[in-house]
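Colleague: Could you walk me through this model, starting with the overall fold and then moving to the local backbone details?

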Amino acid sequence: MLINALRLSGVDPGKDVLQPFGDAGQLSTYAVVPVAMAVKVGVVSGDDKRLLHPKDPASRADAAAMIDKALQIPPDQLQAWQTRTIQQLQAVPEQVKLSLGQTQKIVALALRQDGEAVLVSVNWQVEGNIGTIQGGELQAKQAGTGTVIGTLTTADGRTLTTKIPVTVDASVPVQVELAVTPSLSLVPGGQAHIQVTLRDPAGQLVPGEVDLNVSVSDPSKGHLDTTKAVVTGGIGDLGTFTAGSQYGPVQVRADIATQGWKGSGQVTLNVVKVQNPVNGKGIWGTWVEWGTSGYDPDRIVQTSKQAGAKYIYLIVRNQPGEGTIRPESKAMLDAIVPRAHAAGIPVIGVVYLVDDPALDSSRMLTAAKYTTQTGERVDGLAADIEESPTSESISGTMIPVRQALGPDYPIIAVTYPPHISTAWQRSATYPWSTFGQYFTMISIMDYWHYEDRAYTADEVRNEIYNEAKAAATLTGRPVEVIGQAYRMNTASGKPFATVPTGEEVTAAMQAAKDAGASAFSLYRWDTATPEELSAFHNFSW
């Protein structure tokens, strides 16, 4: 076993090695060569009477003594004996391709008669003016082709060689690093900015201008706004990636195209299915005068979070007759969206529909694609439907929106509850089934406190429960109830003396939950009383 461990099995030093031992003839036939090898390298020496005692069991002390002697065999002597049965010398790797300045470790394996490969030390030299090798480490110093040659002389006088073809590229290798903001995960239509950094082998930024070819692994999952980029001084923009309609991972790759440099890098983004963020409890914000009103966005988000809101609605106002967003609405989105996201709260952009399909769809897409100064977007849309919608006008609005944003993008239909539709004598033509075709969820504005009087909890429960059930039946979609937290006016414009109480808010939320609604939001943040916010906060959804 010890001879096998020393990789000396099969090495025959000659039977005359055993002649001095009087009991060598007692050795079994299979043991003659291994014992002779053990004697030759000094692992076994017999006793003072020149006896080996092959029939006696070895004690622990005998075994320890042999192991100790084996460990003291000089490495060069051990290798000399090991090489006696070598048939072939083989280098690893079998070929080498390097760029200027790169290094490669090379080792040699001796293939023995018994098929075992033994790591051996050889004499290395480089043929061709491509670099130097020391201690088995090849360093590329000049472009071209050459050969690394390893030579080994065996103990029995044979010379074995191995050759490795080497190619040295004149291009300097560059590390191409891609960074993505704001996120590697995108929903269909979502965008991410990609920045590239180029570093040389020493870790320094690559000087001058470097051209890059840019590609996307699967066009169905997204595209870049360019196929080429120019980086100056080692840092630059690769472009903007827009997620496609198919889900799953997608790779963006950049390859250096400038002579003298070489390298590539890639980053994996993931197009994920949009989850409807309207779930549980939410709150509404309707700041028309944002930018001059002195509203504190940090306080708005903090108060919403403290109230237990899981999502925030923001009304996005447009220029009259145009699809563009008003400056004050842009300022509001820039201020609140990043803070809400940092707090883990998604934001829904609300667009008021005016029964003009071309204008309405333009406004919705503008709101969905608006990017804040921090590179963020709203997490879904809500269409505020309060005019006289028809199946044709809703379809005309929503078909291009769905084509652009995909079938799973969250879009909420905010509309009146069914009983108001009946009161307006539109129930027969009101497009409930069309809502169910295009919208993710139906959100009913069920403001129960429409008379200037006190309401009982039972009145509120009956109102909310029946309307939520009816909306779900008419559309086949999940339902959200928008509850009242503001003061209504009389027909003459005089404000009511009464507002919903905390007890009314609790009754409304319980009724919505009992009816199977998926969410309940409070309209609105800036008019809700402390009592209403407290009831909203304390209700567990």
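**From overall fold to backbone details**

Modeller: Gladly, and I will start with how far contacts reach along the sequence. A contact here means heavy atoms within 4.5 Å. Among contacts in the protein chain between residues at least 6 apart in sequence, the share that joins residues at least 24 apart is 69%.

Colleague: Before we go on, what are the ground rules?
Modeller: This is a predicted model, where local features need pLDDT of at least 70 and side-chain atom pairs count only at pLDDT 80 or more, while totals for chains, interfaces and linings use all residues. Residues are numbered from 1 along each chain as its sequence is written, and side-chain values use heavy atoms, with hydrogens and water left out.

Colleague: How many helices and strands does the protein chain have?
Modeller: Both kinds are DSSP runs numbered from the N terminus: helices are H or I with at least four residues, strands are E with at least two. By that count, the protein chain has 13 helices and 29 strands.

Colleague: What is the radius of gyration of the protein chain?
Modeller: The radius is taken over C-alpha atoms, and the globule rule is 2.2 Å times the number of residues to the power 0.38. For 541 residues the rule gives 24 Å, and the chain is well over that, so it is more spread out than a compact globule, with a radius of gyration of 40 Å.

Colleague: What percentage of the residues count as buried?
Modeller: Buried means under 20% relative accessible area, exposed over 50%, and partly exposed in between (1.4 Å probe, protein chains only). Of the 541 residues of the protein chain, the buried share is 46%.

Colleague: Which residue follows helix 6 with a positive phi?
Modeller: The phi there is near 80°. The residue after helix 6 is Gly344.

Colleague: Which residues does the cis peptide bond with omega of about 5° join?
Modeller: Most residues other than glycine have a negative phi, and most peptide bonds are trans. The bond joins Val92 and Pro93.

Colleague: And where is Arg524 found?
Modeller: A cis peptide bond joins Tyr523 and Arg524, with omega about 20°. Arg524 sits in the loop between strand 29 (519-523) and helix 13 (530-538).

Colleague: Is Asp355 buried or partly exposed?
Modeller: Asp355 has a positive phi of about 60° although it is not a glycine, and it is found in the loop between strand 24 and helix 7 (357-369). At 29% relative accessibility, Asp355 counts as partly exposed.

Colleague: Last one: which residues does Thr397 touch, not counting residues up to four places away in sequence?
Modeller: Thr397 is found in helix 8 (residues 391-405). Thr397 counts as buried, at 2% relative accessibility. With that exclusion, Thr397 touches Leu353, Pro357, Asp360, Ser361 and Met364.
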